[in-house]
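Please find below some numbered remarks on the model, written to be read alongside the sequence and the coordinates.

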Amino acid sequence: MSATIDINSVTKAYGALTVLDDISLSIEAGEFVVFLGPSGCGKSTLLRMIAGLESVDKGTIHIGGERIDTLPPGKRGVAMVFQTYALYPHMTVAQNMAFGLENLKVDKAEIDSRVQSAAETLEMAHLLDRRPTKLSGGQRQRVAIGRAIVKEPKAFLFDEPLSNLDAALRSRTRLELAQLHQRLGSTMIFVTHDQVEAMTLAHRIVVMHDKKIEQIGTPMEIYQRPATRFVAEFVGSPAMSMMPITGIVSAQSSDQKGATLEVEGAGMVATQVPLPASFALDGATMGVRSEDTHVVQPGADGLNLTVTVVERLGERTLLYGKLDTGFEMIVEDSGRSTVRAGETVKFDFDRSALHVFDGTGRAYHMAEEA
Amino acid sequence: MAESYRRSRWSNALFILPYMTVFLSLLVFPLFWGMWLSLNKSDLFGGARFIGLKNYYRVFSDPVFGQAVWNTVIFVLVSVPTLVALGLFLSLALNKTTRASSLLRGLFFSSTVLSVTIVTLIWRFVFIPGDGLLALLFDKMGWEQIGFLSTEGWSLFSVGVATVWWCLGLPMMLFLAALQQIPSDLYEAAALDNASRWRVLTRITLPSIKSTIVLVAIVQIVMQFQLFGQAQLMTNGGPAGSSRPIVLYIFDTSFIRWDVGMGTAASEVLFLIILLAAMVQYWVTSRKGEA
């Protein structure tokens, strides 16, 4: 079972403090949507408002066309997996999973069948008689998901469910969640501050920042065409390097593809990003991702980077350093790089992969190919 | 270096010496001395003469002791469940962060800090015939007054009411502390599981504080078996011994009749009754948990 979710102009405030301001969002039936954002951006609050654990001050929420923001949590047809799992400690795994169905007066045989089926789906049939305290973190996580599955909800809500797992288990569970979504085809909303989880799981990512939705898009749209400077810097590891733009030489370059900019530390840069006449230059920056940079031979054209930290990741090496003008920059080199901290290297960047941000933080990208 | 930490030295025992001194002299020694005294014919001034189990024979064949045991058992059977139930009810009602609930918590706990003399004085004002609070109320309603402190049946009841009022603060506070340990996300999960308030109470809240309920019950059993001050000051065990508890019997035997040997024998019996009751309570509740 899956249903659409429509959030219309939802606002939430605690006294004088507004935590969500006029949020609107439509989620397709069967879609996997991730709310991504830094701590305190309001993403968990929005999820909890959908669940009914927080009241909605203004606006409406509909699930499957039915208005649910006035209903109690148990009547909304959603199931939630908590960060702390929130398993009932004195009940066995089977009782934990059956509790919600018993409250709905579901037939005993039907409950047993659903619990058994969910346990088999999650490969935990052997754990049904155990108490949560006798389970590992990963197993508890499965029980929490199982408890959600048996309810056959219209939508699944996940509140940072992987953050209490160790790194190896987290990536395995992430994969299992993706498989589970494929199998169930349910609408799922997943809250996280971890961009890897967002990028790997989501059909669409909702990037939230400072009470607002900053951008809604597919993972690749968010990564390659961030709508704002905040999204560009928040998504991607390492963060995008930013260089201040001091002037616009021409709004369209000679090949008519984009603007030529005067960039502090990089000189004249011919980009493929067309800019409007109204472009706000004050505080404007040019962004470069480390994978769009490369180290060049000492004699070749390029910029000098005085390396301060070398991060060897195996397949690639990240060089953190400063340009001659003092701006910080991250440059990517091959995994076999022999560069050491303190050395100065020359690097260049791919002109076709530049991002331009105006003074208000709005992003401009290369024109999309038709 | 590490070796010196592991090595056991006699001098290390000096650290526990102050505690052990107090523990041995004020707890262990009196316990065994009491056992020894119960096997002797002794009074407060005279010497002791070993008489074996004769004191126990005298205690068990004394109908006054039988009546005191019966009174105490009835008192415990009624007051302990009342204290647990009322404490639980108050803690559930006041488990909020509002100013009113903070004030009420303080108010309900305040009786606990009073001395037994003050408590009994207050309740004498309530129960005393003639111009006591209840007497005035009964007059106003046109009902016949009841001699709460001087009528058989009512006297133990009155002592019980004063005791519950006096002792209610501690169970309430212990339950409140336990309730505040329950993670709030369990209640959120239950809300999403469409659980009714009754189901939340019986399936989430009560199982989560089960160990505190057992603790409060055992503490109250031990405390209420030692009922003394209220009974002595409100009714002095009367009328006709109908509100005399075991400790008042021990007091009368040892310090009024000066029969310390028989008094300590009754004390040992009380000690065994309390031990047994607490063990039964623990055994019953832990068996329920396994089932």
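1. A residue is called buried when its relative accessible area is under 20%, exposed when over 50% and partly exposed in between, as judged with a 1.4 Å probe on protein chains only. By that scale A:Glu152 counts as partly exposed, at 43% relative accessibility. The phi of A:Glu152 is positive, near 45°, although the residue is not glycine, and A:Glu152 sits in the loop between α4 and β7 (155-159) of chain A.

2. The model is predicted, and local features need pLDDT of at least 70, side-chain atom pairs count only at pLDDT 80 or more, and totals for chains, interfaces and linings use all residues. Residues are numbered from 1 along each chain as its sequence is written, chains are lettered from A and ligands numbered from 1 in the order in which they are written, and side-chain values use heavy atoms, with hydrogens and water left out.

3. Chain A holds eight helices and 21 strands, where helices (H or I, at least four residues) and strands (E, at least two) are DSSP runs numbered from the N terminus. Of its 370 residues, 50% count as buried, and the C-alpha trace of chain A spans about 75 × 45 × 40 Å along its principal axes.

4. A:Asp22, in strand β2 (residues 17-27), has a positive phi near 55° and counts as partly exposed at 44% relative accessibility. A cis peptide bond, with omega about 0°, joins A:Ser237 and A:Pro238, and A:Pro238 lies in the loop between α8 (229-234) and β11 (241-250).

5. Contact meaning heavy atoms within 4.5 Å, A:Asp69 touches A:Val56, A:Gly59, A:Thr60, A:Ile61 and A:Arg76 when neighbours within four places in sequence are left aside.

6. Helix α2 (residues 93-103) of chain A is mostly covered, eight of its 11 residues being buried; among them are A:Met97, A:Phe99 and A:Leu101. These buried residues pack against α3 (108-121) and α4 (137-150) of chain A, together with α10 and α11 of chain B. Just after α2(A), A:Lys105 takes a positive phi of about 60°.

7. The second largest pocket contains about 540 Å³ of space. On a 1 Å grid over the protein atoms alone, a pocket is an open set of points where a 1.4 Å probe fits, with protein on both sides within 12 Å along at least five of seven lines, and lining residues have an atom within 4 Å of a point; the volume is the space filled by probe spheres set on the points, which are joined across faces, edges and corners. Its lining has 16 residues, with B:Leu92, B:Tyr187, B:Arg197, B:Val200 and B:Thr205 nearest the centre. Helix α11(B) gives the most to that lining, with five residues, while α4 (63-94), α10 (184-192) and α11 (197-208) of chain B each supply at least two.

8. B:Val216, in helix α12 (residues 210-225) of chain B, is buried at a relative accessible area of 1%. Leaving aside neighbours within four places in sequence, B:Val216 is in contact with B:Val84, B:Pro171, B:Leu174 and B:Phe175.
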